[in-house]
Amino acid sequence: MGIEKHLSITGTSNVSWKDAVVQAVSEASKTIDYLSGVRVLDQRAKIDGHKLIQYYVDLDLSFIIDRDRK
């Protein structure tokens, strides 16, 4: 039976909330092995004038613990 661990991270993008999620998972996967899921906890954006200029997502990443790793 595997053990799943959770990590909270924040992703950002100048394009969209979806892009912020994709970028955050991509970056996290460079240093975290066995990613297994993601849950969006919150979304927000920075406004400049009448335009959204920065998108933020708070994520809960799940990953499996490898007990045999040395």
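Let me start with the hairpin of strand 2 and strand 3, which has two residues between the strands, and where Gly49 takes a positive phi near 70°. When I say strand or helix, I mean DSSP runs numbered from the N terminus, with at least two residues (E) for a strand and at least four (H or I) for a helix. Please keep in mind that this is a predicted model, in which local features need pLDDT of at least 70 and side-chain atom pairs count only at pLDDT 80 or more, while totals for chains, interfaces and linings use all residues. Residues are numbered from 1 along each chain as its sequence is written, and side-chain values use heavy atoms, with hydrogens and water left out.

Strand 1 and strand 3 pair over 11 bridges, with Leu7 standing opposite Leu61 in strand 3 and with Tyr55 in strand 3 as the bridge partner of Ser13.

Now to Ser13, which lies in strand 1 (residues 3–13). Is Ser13 buried or exposed? At 4% relative accessibility it counts as buried, where buried means under 20% relative accessible area, exposed over 50%, and partly exposed in between, with a 1.4 Å probe and protein chains only. The side chain of Ser13 makes a polar contact of 2.6 Å with the side chain of Asp19, and a polar atom of the Ser13 side chain lies 2.8 Å from the backbone nitrogen of Val15. A polar contact here is a pair of N or O atoms within 3.5 Å; within protein, one must be able to donate a hydrogen and the other to accept it, and residues adjacent in sequence count only if both atoms are side-chain atoms.

The rings of Trp17 and Tyr55 have their centres 5.0 Å apart and their planes at 80°, so the pair is edge-to-face; the rule takes rings of Phe, Tyr and Trp (its six-membered ring) with centres within 6.5 Å, and calls planes under 30 degrees apart stacked, over 60 edge-to-face and the rest tilted. Because Trp17 lies in helix 1 (residues 17–28) and Tyr55 in strand 3 (residues 51–65), the pair ties together parts that are 38 residues apart in sequence. Trp17 counts as partly exposed at 28% relative accessibility, whereas Tyr55, at 12%, counts as buried.

I will end with the largest nonpolar core, which has five residues, Ala20, Val21, Ala24, Val57 and Leu59; such a core is a set of buried Ala, Val, Leu, Ile, Met, Phe, Trp, Tyr and Cys residues joined through side-chain atoms within 4.5 Å. Helix 1 gives the largest share of this core, three residues.

Notes
Two strands pair if DSSP finds at least two bridges between them.
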